[in-house]
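Colleague: Could you help me learn to read a few features of a protein structure? I am new to this.

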Amino acid sequence: MAHVTLPGQQKVFRARVSNALPEVDPATRTLKLRLEADNPGFALRPDMFVHVELPVQTPTDLTVPSDAVLDSGLGQHVFVDRGNGFFEPRDVETGWRFGDRVQIVKGLSEGERVVASGRF
């Protein structure tokens, strides 16, 4: 279920995803969805812009900020804080990316501190 609001108005419509087109636009990396909603008073009109809030559930896996992962082209690496100003480079295997987070499938344990960003 999605929540649709009109810009500048407080009216919220509940909508259901009825179809997802199978093609992703490679230029914009977007996917088109068809939403169905009750439209009392015909407030929703064709080709109008609306705000859509579509809740997405992500698995509760180990993640790090995307800036923490360095991709060398041959593999992904993070720097783990070993304390007292020492940092250990660590090979990791990444999974899904969502927003500014990257799933770590292999190479880190929960509770280890990683460098989120740095300058070389």
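Colleague: Where is the place of D47?

Modeller: D47 lies in the loop between β3 and β4; strands here are DSSP runs of E with at least two residues, numbered from the N terminus. This is a predicted model, where local features need pLDDT of at least 70, side-chain atom pairs count only at pLDDT 80 or more, and totals for chains, interfaces and linings use all residues. Residues are numbered from 1 along each chain as its sequence is written, and side-chain values use heavy atoms, with hydrogens and water left out.

Colleague: What is the phi of D47, and is D47 buried or exposed?

Modeller: D47 has a positive phi of about 65°, although it is not a glycine. D47 is exposed, with a relative accessible area of 79%; buried means under 20%, exposed over 50%, and partly exposed in between, with a 1.4 Å probe and protein chains only.

Colleague: What about N84?

Modeller: N84, not a glycine either, has a positive phi of about 55°. N84 sits in the loop between β7 (76–83) and β8 (86–98) and is exposed, at 78% relative accessible area.

Colleague: Now, how do strands of a sheet pair?

Modeller: They pair through backbone hydrogen bonds, either parallel or antiparallel. Here, four strands make an open antiparallel sheet in the order β3-β2-β1-β4, where pairing requires at least two DSSP bridges between two strands. β3 (30–37) and β4 (51–53) are at the edges with a single partner strand each, so one side of each has no neighbour in the sheet.

Colleague: Over how many bridges do β2 and β3 pair?

Modeller: Strand β2 (residues 12–25) pairs with β3 over seven bridges, in the antiparallel sense. R16 stands opposite E36 in β3.
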